Amino acid sequence: MGLVKEVLLLPLAPVRGSLWVMEQVLAEAERHYYDPAVIRSELAALEEKLTAGEIDQETFDRIEDELLDRLEGK
């Protein structure tokens, strides 16, 4: 039965392959998005922007909260 199923689903192989690739890309993007090292780097860059006067305190607080939420996890 498995062979028949594979033969019948053969025309869908490119679609299944594309879905697998998209799932892998999404998983890697999520790993990068929630990576603590990346978030700490973004926090440091954000603090530098505040110190340099490129952003105001309100913007800093808002973005910092978003980054800290990411650091806590999904």
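Asp56, Glu58, Asp61, Asp65, Asp69 and Glu72 gather on the surface in a patch of negative charge. A patch is built from residues with over 30% relative accessible area and no salt bridge, like charges being joined within 9 Å and nonpolar side chains (Val, Leu, Ile, Met, Phe, Trp, Tyr) within 5 Å. Asp and Glu count as negative and Lys and Arg as positive, while His and the chain ends are not counted; the charge is placed at NZ of Lys, CZ of Arg, CG of Asp or CD of Glu.

The model is predicted: local features need pLDDT of at least 70, side-chain atom pairs count only at pLDDT 80 or more, and totals for chains, interfaces and linings use all residues. Residues are numbered from 1 along each chain as its sequence is written, and side-chain values use heavy atoms, with hydrogens and water left out.

**Surface patches**

Helices (H or I, at least four residues) and strands (E, at least two) are DSSP runs, numbered from the N terminus. Asp56 is partly exposed because its relative accessibility is 43%; the classes are buried under 20%, exposed over 50% and partly exposed in between, with a 1.4 Å probe and protein chains only.

A nonpolar patch on the surface is formed by Leu12, Val15, Leu19 and Met22, which together have about 370 Å² of accessible area. Accessible areas come from the Shrake-Rupley method with a 1.4 Å probe, and for residues only the protein chains shown count as cover.

**Salt bridges**

Side chains of opposite charge can pair when their charged atoms come close. The whole structure contains 3 salt bridges, each defined by a side-chain nitrogen of Lys or Arg within 4 Å of a carboxyl oxygen of Asp or Glu.

| Pair | N to O distance |
|---|---|
| Glu28 and Arg31 | 2.8 Å |
| Glu42 and Arg70 | 3.1 Å |
| Glu66 and Arg62 | 3.6 Å |

Glu28 and Arg31 are both in helix α2, 3 residues apart, about one turn of the helix. Glu28 is partly exposed, with 42% relative accessibility. In helix α4, Glu66 and Arg62 are 4 residues apart, again about one turn of the helix. Glu66 is partly exposed at a relative accessible area of 44%, and Arg62 is likewise partly exposed at 47%.

The remaining pair is Glu42 with Arg70, joined by a salt bridge. Glu42 lies in helix α3 and Arg70 in helix α4, so this pair ties together parts that are 28 residues apart in sequence. Glu42 is partly exposed at a relative accessible area of 32%, whereas Arg70 is buried at 11%. Setting aside residues up to four places away in sequence, Arg70 touches Tyr33, Tyr34, Val38, Ile39 and Glu42, where contact means heavy atoms within 4.5 Å.

**Lys49 in helix α3**

Lys49 is located in helix α3 and is partly exposed, with a relative accessible area of 40%. Apart from its neighbours within four places in sequence, Lys49 is in contact with Glu54 and Ile55. Between Lys49 and Ala27 there are 22 residues of separation in sequence and 30 Å in space, C-alpha to C-alpha.
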